[in-house]
Amino acid sequence: MLSGRRLDLLDPSPLDVEIADIAHGLARVARWNGQTLGDHAFSVAQHSLIVEEIVAASISDPRWRLAALLHDAPEYVIGDMISPFKAVLGIDYKAVEHRLQAAIHIRFGLPPELPSAIEKQIKAADKVSAREEAVRLAGFSVAEANMFFGGVTVDAEFGERFEPSPAKEMELAFLGRFETLDLELRAGNSERFSNHRRRSGATPS
């Protein structure tokens, strides 16, 4: 990694995970194997920002919005593989991806395994974004996209989010969104700790 970290894919340590590496990598990983319209690749970083924004419309808790932003974070190491190829690779690929995701979650204060309800909402938002990308960028007909990803669409004001943007711009946007959510998460953790101390009768030292 450019940060100097060396990540063991078989046993990844949260201590070797850096957000700068994630942002840099995801901004340079192309969705749809690069087979999209526009002067720039549609990056995983841009996709992740869209998914987080969709999730944020129904979830206010910064923990789960951060989880949405990081839902494809392992791809900064292993790239964005199309679903059919993932199926060919089978369980070994999924195991590596799962271990990486758990390490990333732990590094940034999230549970290794997300609550199932949150996982479902993030996956639903992921499918909505994929459906829009398929139609707007990847040459799918509406009927094809609906068959693979369902017929749920985004609001009209989301349209401009799908204009492929330069890698550096998306790297900075991803970092900025992470920093905002991380600050909210830390503030929430501090408040929860203070409330716990008050309920337990502890007094400040």
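**Note on helix H7 and its partners**

1. Helix H7 (residues 116-136) and helix H8 (residues 142-149) have axes that come within 9 Å and cross at roughly 160°. That makes H7 roughly antiparallel to H8, a term for angles over 145 degrees. Axes are lines fitted to C-alpha atoms, for helices over the stretch in contact, with angles from 0 to 180 degrees between N-to-C directions. Helices are DSSP runs (H or I, at least four residues) numbered from the N terminus.

2. This is a predicted model, in which local features need pLDDT of at least 70 and side-chain atom pairs count only at pLDDT 80 or more, while totals for chains, interfaces and linings use all residues. Residues are numbered from 1 along each chain as its sequence is written, and side-chain values use heavy atoms, leaving out hydrogens and water.

3. Helix H2 (residues 44-56) packs against H7 at about 125°, the axes being 9 Å apart. On the H2 side, the contact (heavy atoms within 4.5 Å) is made by His-47, Ile-50, Val-51, Ile-54 and Val-55. Among the H7 residues in this contact are Ser-129 and Glu-133.

4. Glu-133 lies in helix H7. Beyond neighbours within four places in sequence, Glu-133 touches Arg-31, Trp-32, Phe-42, His-47, Ala-138 and Phe-162.

Definitions and conventions: Helices (H or I, at least four residues) and strands (E, at least two) are DSSP runs, numbered from the N terminus. Angles under 35 degrees count as roughly parallel, over 145 as roughly antiparallel, 65 to 115 as roughly perpendicular and the rest as oblique.
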